[in-house]
Amino acid sequence: MERLRPRSWRARASHLLADPRTRHVLGVAALAVLYRGVAQIGYALQFAGPVAAIAWLPVGVGTAFLYLAGPRYWPGVLVGDLLANDYGSLPLGSALGQTCGNVLEVLVATLLLRRLVPRGDPLATLGGLGRMLVAISAGTAVSATVGACSLLLGDVIAAHQVPDVWRTWWLGDSSGALIVLPLAIAWARPPRRWLRRHGLETALLLAVVVALSALAMRNTQPLAYLVFPALIWPTLRLGPRGATLAVAVAAGFVIWETTRSVGPFAFQSATESVLVTQLYLAVSALSTLCLAAVVSEREAFAASLAASRARLVEAATDERRRIEQNLHDGAQQRLTALAVRLDLAAEQAGDVPTTASGLHAAAEEVSAAIEELRELAHGIHPSVVTVYGLGHALMGLVARSALPIRLVELPATRLDTAAEVTAYFVISEAVTNARKYADAGSIDVRAAASRGLLRVEIVDDGSGGASERAGSGLQGLRDRVEAIGGSFEIESTEGRGTRILAVLPATAVAG
């Protein structure tokens, strides 16, 4: 009998993680270790103490963990805070009171944030950011109140010190939450693809933030404002991820140098030094996050507008296709049948010359009407483009044109319908304008596709002087091109011809 092979450690780990109770225990343990580790870093670097902190980072860690993973992991905050307490510096009752306040702080902030922002990213809109700030303010106010009262009841501070301690506590916890919570939310999703696109710029950003922070925070002159351009740049270019990363790096420099009594925020009065540092952290974080939210809103609006315009273009294209089909299957077929009947009637009336010639003339008029209707239907929607592709349609356009057209380059593959139809309309309208209004002798057409773009260029040797006045065909071409996310340029000098360039987003398709 073949012996069963022992399962691999990965299989055993997957089996353990499949159990909800095991996942819960591991999550609580991970949160406790992370919470205590961040608290110990604060103690070691001396920006957090048993009474208050310049920035209490564990509140951001706990709130981010519960917000992203679920409030059921709250025991991890309790265990982590109990392990992080400095029982040698505080009475046991005061230390336990602080722990209760810190746990309530994280729970209140998390539950409020989940209630106020039930869906979506709180960093993506100003409204979501405002609700996140309300949740943070409420949670940290709970901790500051419970903590200050615990210190007062334990005779650690006097009654007249309570307002100052409460303010320092609240600002320190709020600063910690503003640094860590947005950073965790922004980077919660796997950033692999984002880093491939923005990795180099992110590295350059960090280098600039570090350089300006070092210059500003290691100087006794008031140069702290030099850091703000380095915070604005990633916000505009990289969105919430770049903004939160820049804020975290800049805040780290401020806290580190201030605790070493270096920089513009190092005063003889420790209280004043802590207050100024906390205000700087809050202002820089809030300003950057607000700008990031505005940028995200604008980008979302632009994307929504582009999608709406694309849907309108698609709807118009579908309607043109329907009209063209109706004309082809309805009016054209009836007129063709009428022309055949007239020819037959003319043959049958051959012994009456006047009647026969009249019928032949009527048949010719009907044939001319059919041709005009066919051209009209073709202009409404060029079905040859959707069936055979842009290259084939352009060769047909050249064959029908009375004006010499030279096809310099054509796409080697089929592209998506929106790109091909738009390119065809641009070229056919440019050819029509050159023939009717510019008295051109020849036209060069180039349509090249590469790297997700279709570049269409039409150059004629006509009289030039074309303009995009309101309601003109050229303005209509620009609207059509920009509706699918492309760009449109025109160069037309009097006596030197016209050059039209359209760059369209295009996806290669099989066929």
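The structure is a predicted model.

**Glu 257**
- Glu 257 belongs to helix α9, which covers residues 227-259.
- When neighbours within four places in sequence are left aside, the contacts of Glu 257 are Met 217, Arg 218 and Val 262.

**The sheet**
- An open sheet is formed by five strands, arranged in the order β1-β2-β3-β5-β4, with mixed pairing.
- The edge positions are taken by β1 (405-409) and β4 (487-492); each has a single partner strand, so one side of each is left without a neighbour in the sheet.
- On average, neighbouring strands of this sheet are turned by 15° against each other, with direction ignored.
- Within the sheet, β3 (residues 453-460) and β5 (residues 498-505) are paired in the antiparallel sense over eight bridges.
- Leu 453 has Pro 505, in β5, as its bridge partner.

**Helices packed on the sheet**
- Helix α14, spanning residues 417-436, packs on the sheet and touches β1, β2 (443-450), β3 and β5.
- The direction of α14 makes about 5° with that of β3.
- Helix α15, spanning residues 473-483, also packs on the sheet, where it touches β4 and β5.

Definitions and conventions. Residues are numbered from 1 along each chain as its sequence is written. This is a predicted model: local features need pLDDT of at least 70, side-chain atom pairs count only at pLDDT 80 or more; totals for chains, interfaces and linings use all residues. Side-chain values use heavy atoms; hydrogens and water are left out. Two strands pair if DSSP finds at least two bridges between them. Helices (H or I, at least four residues) and strands (E, at least two) are DSSP runs, numbered from the N terminus. Axes are lines fitted to C-alpha atoms, for helices over the stretch in contact, and angles run from 0 to 180 degrees between N-to-C directions. Contact means heavy atoms within 4.5 Å.
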